[in-house]
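Please look over the sequence and the structure below. The briefing that follows covers the overall layout of the chain.

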Amino acid sequence: MAKETGEKLIASNKKARHEYLIIDTYEAGMVLTGSEVKSLRMGRASLVDGYVFIERGEAWLDAAYIPEYLNGSWTNHAPRRKRKLLLHRHEIDKLYQKTREGGMTIVPLRMYFLDGRAKVEIALARGKKEYDKRQTLRERQDRREAERAISARKHLGE
């Protein structure tokens, strides 16, 4: 059987990019059980309620939803259990220091398979205020309108 290569997206957290200003991103491995990996291979997961915290020098992903494996037995996993993240020591220390400063949090952005191994992209982020969210939406809408005008202009010129 050929080894899996490349990146396969499982779940993304679009809400995080709306709610938070992303400062820095990290790629972390996850400690998973067999039934969790099988459930992820079926492409079923949600990061919407998930968050990352650091406890006793270890990073943990909590409240991320990986549903029970349908063909699993009584040894199935709990869908919202906390899962250990695999990061380098200096990355964990840096994240811990930044979150202690205040106003910063660590959020999961997306979960994917990279060469057959489950990874999660986490981000050091700061919560946006309501006016920041409105400003972001306004900028996105202006950019779309400009692209529409350019494409309409191209179609008329042809």
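In this predicted model, the centres of domain 1 and domain 2 are 33 Å apart, taken over C-alpha atoms. Domain 1 covers residues 8–127 and domain 2 covers residues 131–157, according to the domain assignment.

**Overall dimensions**
- The radius of gyration of the chain is 19 Å, whereas a compact globule of 158 residues would have one near 15 Å.
- The C-alpha trace spans about 65 × 45 × 25 Å along its principal axes.

**Secondary structure**
- There are four helices and seven strands in the chain.
- Their order along the sequence is β-α-β-α-β-β-β-α-β-β-α.

**Contacts and burial**
- Take the contacts in the chain between residues at least 6 apart in sequence: 68% of them join residues at least 24 apart.
- Of the 158 residues, 33% count as buried, where buried means under 20% relative accessible area.

**Surface and charge**
- The chain has an accessible surface of about 10,300 Å².
- Carbon and sulfur atoms account for 49% of that accessible surface.
- How many positive and negative side chains does the chain have? It has 33 positive and 23 negative ones.
- The centres of these two sets of side chains lie 2 Å apart.

Methods:
Residues numbered from 1 in each chain as written. Predicted model: local features only at pLDDT ≥ 70, side-chain atom pairs only at ≥ 80, totals over all residues. Heavy atoms only, no water. Domains from an automatic or database assignment. Helix = DSSP H or I, 4+ residues; strand = E, 2+ residues; numbered from the N terminus. Rg over C-alpha atoms; globule rule 2.2 N^0.38 Å. Buried < 20%, exposed > 50% of the residue type's maximum accessible area, 1.4 Å probe, protein only. Contact = heavy atoms within 4.5 Å. Areas by Shrake-Rupley, 256 points an atom, 1.4 Å probe, with all protein chains shown as cover. Lys, Arg positive; Asp, Glu negative; His and termini not counted. Charge placed at Lys NZ, Arg CZ, Asp CG, Glu CD.
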